[in-house]
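Please read them with the structure open.

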Amino acid sequence: MKKGLIFIISAILLIGTLAGCSGEESVQAEKTKDGKVIVDFWSFWGSETRRPIIEKIIEDFNNSQDEVFVKHTYLPWGDIWTKNLASVAAGNPADVIINDINSVAQRAENAQSEDLSKYIDESFKNQFYPHLWETVMYGDKPYAVPFNTDTRLLFYNKDAFKEAGLDPEKPPATWAELEEYAAKLDIKDGDRYERVGFYPLWGSIGAASWMTSADGGKGFIQDGELYINTPKKQEALQWLLGWKERLGEKTVQSFEAEFGSEQSNPFIAGKVAMWVDIGTFYTQIRDYGEDMNFGVAPIPAFEKGSGNWSDGGGFVAEIPKGAKHPEEAMKFIKYLAGPEAQKYWAMKNYDNVANKEAAEAVVNELKGDDKYVYEASVKNLDQTQLFPVPVKYPDYQNRINPHIDSVLLGKTKPEKALAKAEKDVEKLKRK
């Protein structure tokens, strides 16, 4: 009881503090000396790499017109989300915030973001990849604008392919080929692996991605229906277990214990021959791979013709509910998501951006390996899916993941675990 009371008092104090800040930070509701409306823009881009890039975009916008002045507020990852919700509740939110792309509908449902439909026409909407635009819609209205995204590719070591007698220009196209190639790429010294050909749960990919791929690109929830406990998803989990059984738990754990970033990444270090990761992983290879001879390809399909599915994420620009300057905020968002700013962001960060014209411009301007990987990642967006959190099934992933983990730890059979997972998610359904 005491803990609950303390929590309530703390929440009231936080909201009161944020409301009180309106006096100190009333600058966001005022104008500059030369009459520009000040727009407060919140992002989590505070690194040495990204902060100068976003601030250059802001500077360019501020210099491009005489009506709006954007002020950048950096908030650390994690803090930005809680402070956004508290500021909306206090009636003193930012004017623009960068937020998660897969939870737009949740915030719209909870009246935490503004409806942008009156600021957006068909020509503006058509600037963006359709699968990204779908994520910002709630009740046939847009509540955000896509900013960036990602996609997953198979990176492979061409020199390792040659050593193993594999054609370095023909990466595996199916799961069966992936297993065949991996076995040939393994290097063992007795019972000890010096190099692992492939392990499907290393890199930027998880069990759910392989389960979706096996099921013809079908996620756990589609059009309001549950597709958790399906034969193909059960098969995928059994397939993942097979990899661990082949390598052995000790091998998996010993390799994972040595994992690091940059030059100590196992793929870059030559300890793993094939690796699934997002397109920006290339920048680690470029900067730390010492002229590594590598290739990229779509993630192998479950079987020929079933699709080289990848999942994706990303971020959007939103106007929080109750923002004081929505029209001015939208002017900045349109610039932020426009071809010029998007191209600059992509060229500097190597991110997949949401604006189609900008992405194509980047492909045309880059050279060498920079162009090779970026072009592959842009093409891969055609087979990349995002899975926005359904309003009727909030937090469904946290109900499924423990059951998947139980399977991968060898504690539960796939069919039993997925049946339980589906029942747990059914209980979540909002009427």
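1. α2 and helix α13 (residues 326-336) pack with their axes 11 Å apart, at an angle of about 120 degrees. That angle makes α2 oblique to α13. The crossing of α2 past α13 is right-handed. On the α2 side the residues involved are I54, I57, I58, D60 and F61, which meet K331, F332, Y335 and L336 of α13. The model is a predicted one, and the points that follow should be read accordingly.

2. The sheet comes next. Six strands make up an open sheet with mixed pairing, in the order β2-β1-β3-β15-β6-β16. Its edges are β2 (68-74) and β16 (352-353); each has a single partner strand, so one side of each lacks a neighbour in the sheet. Helix α2 (residues 50-64) packs on this sheet and touches β1, β2 and β6 (145-149). The direction of α2 makes about 165 degrees with that of β2.

3. Within the sheet, strand β1 (residues 37-43) runs parallel to strand β3 (residues 96-100), and two bridges join them. F41 stands opposite V96 in β3. Beyond its neighbours within four places in sequence, F41 is in contact with I54, I58, V70, K71, H72, T73, V96, I98, F332 and L336. Among these, I54 and I58 belong to the α2 side of the helix packing described above, and F332 and L336 to the α13 side.

4. Which residues have the most contacts inside the largest nonpolar core? They are F41, F155, W210 and M274, in a core of 125 residues. Helix α10 (residues 231-247) supplies the largest share of this core, with seven residues.

5. Helix α14 (residues 339-349) and helix α15 (residues 356-365) have axes that come within 8 Å and cross at roughly 45 degrees. The two are therefore oblique to each other. As with the other pair, handedness can be stated: α14 passes α15 in a right-handed crossing. P339, Q342, K343, A346 and M347 of α14 make the contact with E357, A358, A361, V362 and E365 of α15.

6. Strand β8 (residues 187-189) and strand β9 (residues 192-195) are antiparallel and joined by three bridges. I187 stands opposite R195 in β9. The two strands form a hairpin with two residues between them. In the turn, G190 has a positive phi of about 70 degrees.

7. Is K158 buried or exposed? K158, found in helix α7 (residues 158-163), has a relative accessibility of 12% and therefore counts as buried, the cut-off being under 20%. Not counting residues up to four places away in sequence, K158 touches P168, E169, N293, F294 and G295. The list includes one acidic residue, E169, which a reader may wish to inspect alongside the lysine.

8. G410 is found in the loop between α17 (396-408) and α18 (414-428). With a relative accessible area of 62%, G410 is exposed, because the threshold for that class is over 50%. G410 and D369 are 41 residues apart in sequence, and their C-alpha atoms are 41 Å apart in space.

Conventions. Residues are numbered from 1 along each chain as its sequence is written. This is a predicted model: local features need pLDDT of at least 70, side-chain atom pairs count only at pLDDT 80 or more; totals for chains, interfaces and linings use all residues. Side-chain values use heavy atoms; hydrogens and water are left out. A nonpolar core is a set of buried Ala, Val, Leu, Ile, Met, Phe, Trp, Tyr and Cys residues joined through side-chain atoms within 4.5 Å. Buried means under 20% relative accessible area, exposed over 50%, partly exposed in between (1.4 Å probe, protein chains only). Helices (H or I, at least four residues) and strands (E, at least two) are DSSP runs, numbered from the N terminus. Contact means heavy atoms within 4.5 Å. Two strands pair if DSSP finds at least two bridges between them. Axes are lines fitted to C-alpha atoms, for helices over the stretch in contact, and angles run from 0 to 180 degrees between N-to-C directions. Angles under 35 degrees count as roughly parallel, over 145 as roughly antiparallel, 65 to 115 as roughly perpendicular and the rest as oblique. A crossing is left-handed if the near helix is turned anticlockwise from the far one by less than a right angle, and right-handed if clockwise.
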